[in-house]
Amino acid sequence: MTVRYVIGSDETGYGAWAGPLVVVAAACPVGIVPSGLFSDKRQRLIESKCLKQIAMPRRLSLFDSVLTTCRARWELIVFSPREVDEEGALTCLLEGHRQAVASVRRKLEAFGEEWADTVVDGNLEIGLPQVRCLPEADFNIPAVASASILAKMLRDDMMGSLPVDASYG
């Protein structure tokens, strides 16, 4: 039996004063929620609406849970501050979502698996077929919440590795 997946895509760093724009798409099996991601009662992201307000040990636990659930079925796209300045933030954001989603779809096909739905956080039309764009999807749809956690944790790691006297673009 073929496993079906929901692909979610989210970004972090859009409009930030420093660092890259990061977009991640992640695929979660239909009906499977990474451990600890959602509360049983509300079926919304278990923590506050801002991942940055979650204590680091909890964030690391969620990150590990997402990696275990999604396995190799996710994609990271990074735009440097220079690319964002030259191409424009919105252009990079849309292209990032397109590239990440298309890559995850190809990975699923390579594994002989299918995607049942694709959801991007926000109200943007990204220009790919069979994609739903939903505001606050990162707090309501496990695949998008998973992509959000991966994006934020990976960008935080990138930001932590920048030298203190770096030029931020």
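This is a predicted model: local features need pLDDT of at least 70, side-chain atom pairs count only at pLDDT 80 or more; totals for chains, interfaces and linings use all residues.
Glu87 belongs to helix H2, which covers residues 81–87.

Charge pairing is found elsewhere. Side chains of opposite charge can pair when their charged atoms come close. A search of the whole structure gives 7 salt bridges. One of them joins Lys152 to Asp10. Their closest N and O atoms are 3.9 Å apart, and the cut-off is 4 Å, so the pair counts. This bridge links distant parts of the chain. Lys152 sits in helix H4 (residues 142–160), Asp10 in strand E1 (residues 4–12), and 142 residues separate them.

Now turn to the rings. The count of aromatic pairs is 0. Rings do meet charges, however. Arg73 places its charged end over the ring of Phe111, 4.2 Å from the ring centre. Arg105 does likewise with Trp115: its charged end sits over that ring, 3.8 Å from the centre.

Note on methods
Residues are numbered from 1 along each chain as its sequence is written. Side-chain values use heavy atoms; hydrogens and water are left out. Helices (H or I, at least four residues) and strands (E, at least two) are DSSP runs, numbered from the N terminus. Rings of Phe, Tyr and Trp (its six-membered ring) pair if their centres lie within 6.5 Å; planes under 30 degrees apart count as stacked, over 60 as edge-to-face and the rest as tilted. A charge sits over a ring if NZ of Lys or CZ of Arg is within 6 Å of the ring centre and within 35 degrees of the ring normal. A salt bridge is a side-chain nitrogen of Lys or Arg within 4 Å of a carboxyl oxygen of Asp or Glu.
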